[in-house]
Amino acid sequence: MRRLHLAAAVLAVFLPLAVSAAGGKATAAKAPTAPPAPPNITAAMAKGGCKAFAALVAASPDAHSTFQSAGDGGVTAFCPSDDAVRSFMPRYKNLSADGKASLLLFHAVPVYYAPRSLKSNNGVMNTLATDGSANNFNFTVQNEGEQVTIKTDASDHAARVKSTVYDKDPIAIYAVDTVLEPVELFEPADSPAPAPAPAPVADAPKAPKKQARHRPVADAPGPAAEDAAPADQRKNSKKSATSGAPCLPWAAVLPVAVAVAAALA
């Protein structure tokens with residue numbers, strides 16, 4: 001009997017302690033661990049050698065918010081090198097605000113691809129800029145051995161993946177050697193060149209004109225000597241003509257005058 005009372009006393013002392021300890025462990029197990037915050041994508045780009053591209057994303061509110069929200073569900077970004085962005089800036093500045101945002105979002109796909117997974121994928125991929133059937137904004141990933149390239153319809157040359165900037169599920173960032181150009185914003189690479197302007201048509205050679213036959217025309221009589229010569233020359237010519245010509249009337253009268261004179265004498 002005394003043993004029963006002793007056992008009851010022991011239970012009365014230790015049972016509450018055991019229940020309290022078990023309850024505390026249960027409470028501690030129920031408290032969920034907060035997941036780590038996703039990394040800042042633009043900061044990871046800048047740290048990996050894509051400062052110029054990261055600055056463009058940060059300056060575009062639409063592109064920046066889309067990049068960050070995509071990181072929660074998985075995203076793979078391709079950031080061009082600083083040299084590539086620098087040489088592309090004149091064309092980038094000519095785009096509208098929406099065009100700039102679409103170009104930036106064109107550099108990411110809404111799926112996480114680790115390096116090994118990326119090297120095993122070939123084909124067309126949608127991007128963050130894809131908006132249903134209205135705007136395709138897709139590119140083609142191609143693999144040749146260890147080399148991964150990205151081809152767009154607006155460029156003859158494929159972009160090459162140079163290095164891994166960041167890789168931690170659910171975000172992967174790779175550096176590429178050129179800016180990706182969507183055909184929705186730029187002319188297709190295989191578009192035919194504008195036809196050259198037609199050469200001016202040469203005038204047809206004209207038939208030689210028939211020369212009119214001219215009848216010989218007699219020379220018109222020239223002006224009189226008096227009209228043609230100056231006045232002083234006309235006057236001298238008259239004097240010369242008078243002095244040089246024989247005086248026929250006096251030669252006829254002279255014998256008659258001599259006869260009359262002889263008769264009177």
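Q: Where does Pro170 lie, in terms of strands?
A: Elements are DSSP runs numbered from the N terminus: helices are H or I with at least four residues, strands are E with at least two. Pro170 lies in the loop between β6 and β7 (171–176). This is a predicted model: local features need pLDDT of at least 70, side-chain atom pairs count only at pLDDT 80 or more, and totals for chains, interfaces and linings use all residues. Residues are numbered from 1 along each chain as its sequence is written, and side-chain values use heavy atoms, with hydrogens and water left out.

Q: What is the peptide bond from Asp169 to Pro170, cis or trans?
A: The bond is cis, with omega near 15°.

Q: How many strands form the open sheet, and in which order?
A: Start from pairing: two strands pair if DSSP finds at least two bridges between them. Here seven strands form an open sheet, in the order β2-β1-β7-β6-β5-β4-β3. The pairing is mixed. β2 (108–109) and β3 stand at the edges with a single partner strand each, so one side of each has no neighbour in the sheet.

Q: In which sense do β4 and β5 pair?
A: Antiparallel, over five bridges.

Q: How many bridges join β5 to β6?
A: Two, and these strands run antiparallel. Thr149 stands opposite Arg160 in β6. Ile150 has Ala159 in β6 as its bridge partner. When you follow such a strand, recall that side chains alternate between the two faces of the sheet in a regular strand.

Q: Which residue other than glycine has a positive phi near 45°?
A: Phe137. It is found in the loop between β3 (123–126) and β4 (138–144). Buried means under 20% relative accessible area, exposed over 50%, and partly exposed in between (1.4 Å probe, protein chains only). Phe137 counts as buried because its relative accessibility is 4%.

Q: How many salt bridges does the structure hold?
A: Side chains of opposite charge can pair when their charged atoms come close. The cut-off is a side-chain nitrogen of Lys or Arg within 4 Å of a carboxyl oxygen of Asp or Glu. The structure holds four. Among them is Asp83 with Arg86, at 2.7 Å, N to O. Both lie in helix α5 (residues 82–93), three residues apart, about one turn of the helix. Asp83 is exposed at 57%, and Arg86 is exposed at 53%.

Q: Which parts of the chain does the pair Arg91 and Glu181 link?
A: The side chains meet at 3.0 Å, N to O. The pair links distant parts: Arg91 in helix α5, and Glu181 in the loop between β7 and α8 (225–228), 90 residues apart. Arg91 is partly exposed at 38%, whereas Glu181 is buried at 12%.

Q: Where do Lys119 and Glu146 lie?
A: These two form a salt bridge at 2.6 Å, N to O. Lys119 lies in helix α7 (residues 115–119) and Glu146 in the loop between β4 and β5, so the pair ties together parts 27 residues apart in sequence. Lys119 is partly exposed at 35%; Glu146 is exposed at 62%.
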